[in-house]
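Please look at the sequence and the structure shown here before reading on. The report takes the features one topic at a time.

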Amino acid sequence: MKQSLKQRFGVIFDVDGVLLDSYQMHYECWRSIAKEHSLSLKEKEFDSLFGRRGSEIVREIWGPDLPQDQVVSIHKRKQALYREHLQQDFPRMEGAIQLIDGLIREGFVLGVGSSAPPENVEMSLKGLGRAHLFEAVVTGSDVTRGKPDPQVFLLAAQRMGLEPSRCAVIEDAPAGVAAAVAGGMTAIALAGTAPAARLAQAHLVITSLRELAPRRISELIQRRQYRS
């Protein structure tokens, strides 16, 4: 089934909640930083924020009137704390390595479209031992608009040298699924961070990366191309 150059498809991965089972780690870090500022952060509140850009999360928790220099400071502190945790306990998502390797064997182009800062994404891909396999890595520092705006995925597709319609996006958050759909891509949602009901906009909802195979992804992309 290996693709020829003219037939190549791409898969764009979100990182947190897709390649890394990192939801709980991010929540604990944000809650810890909020506590330092005498603020409380309930998991239900954080659930609606996961997957968005860090600066947006800061303003949601601390308020829209927080000075920009404090937004930057809080965001940097949280991300540094997260990387400390990541060094101690690397939460690799089950099935991630097998899926990446299988896609490469079948000639897929791989990319990353993440709202996270570049330092986090770099550490994550190195921890997976697969950084060299991704032809495009787009992070929160590369875009001016966060998900559900499709900018991060459209830029990844452009850097991969593929039309958006030839790309599938694997996401775990409703905002990310909405961004993939808005960008004209095949949206595959991994339930877990959010329940399947909140991911219904996706073209396919799965509960494990082990449910995916290169052929299934290529057939899903081609089916959507045919219908459009």
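## Basis of the values

This is a predicted model, in which local features need pLDDT of at least 70 and side-chain atom pairs count only at pLDDT 80 or more, while totals for chains, interfaces and linings use all residues. Residues are numbered from 1 along each chain as its sequence is written, and side-chain values use heavy atoms, with hydrogens and water left out.

## The sheet

Helices (H or I, at least four residues) and strands (E, at least two) are DSSP runs, numbered from the N terminus. Two strands pair if DSSP finds at least two bridges between them. An open sheet of 6 strands runs in the order β3-β2-β1-β4-β5-β6, and its pairing is parallel. At the edges stand β3 and β6 (204-206), each with a single partner strand, so one side of each has no neighbour in the sheet.

Strands β1 (residues 10-13) and β2 (residues 109-113) run parallel and are joined by 4 bridges. I12 has G111 in β2 as its bridge partner.

## Aromatic rings

Rings of Phe, Tyr and Trp (its six-membered ring) pair if their centres lie within 6.5 Å; planes under 30 degrees apart count as stacked, over 60 as edge-to-face and the rest as tilted. The whole structure has 6 aromatic pairs. In one of them, the ring centres of Y23 and F46 are 5.4 Å apart and the planes are at 50 degrees, so the pair is tilted. Y23 lies in helix α1 and F46 in helix α2 (residues 43-47), so this pair ties together parts that are 23 residues apart in sequence.

Y23 also forms an edge-to-face pair with F50, at 5.1 Å centre to centre and 80 degrees between the planes. F50 is in the loop between α2 and α3, 27 residues from Y23. Are Y23 and F50 buried or exposed? Both are buried, where buried means under 20% relative accessible area, exposed over 50%, and partly exposed in between (1.4 Å probe, protein chains only). F46 is buried as well. Ring pairs link Y23, Y27, F46 and F50 into a cluster.

## Backbone exceptions

Most residues other than glycine have a negative phi, and most peptide bonds are trans. S38, in the loop between α1 and α2, has a positive phi near 60 degrees. S38 is exposed, with a relative accessible area of 69%. The peptide bond from K147 to P148 is cis, with omega near 20 degrees. P148 is in the loop between β3 (136-138) and α7 (151-160).

## Cavity and pocket

On a 1 Å grid over the protein atoms alone, a cavity is a set of points where a 1.4 Å probe fits but cannot get out, and a pocket is an open set with protein on both sides within 12 Å along at least five of seven lines; lining residues have an atom within 4 Å of a point. Grid points are joined across faces, edges and corners, and a volume is the space filled by probe spheres set on the points. The structure has 1 cavity of 30 Å³ or more, and the volume of the largest cavity is about 180 Å³. Among its 18 lining residues, D16, H26, G51, R52 and A116 are the closest to its centre.

The largest pocket holds about 300 Å³ of space. Of its 16 lining residues, S55, H75, K76, Q79 and P117 are the closest to its centre. Which element gives the largest share of the lining of the largest pocket? That element is α4, with 7 residues.
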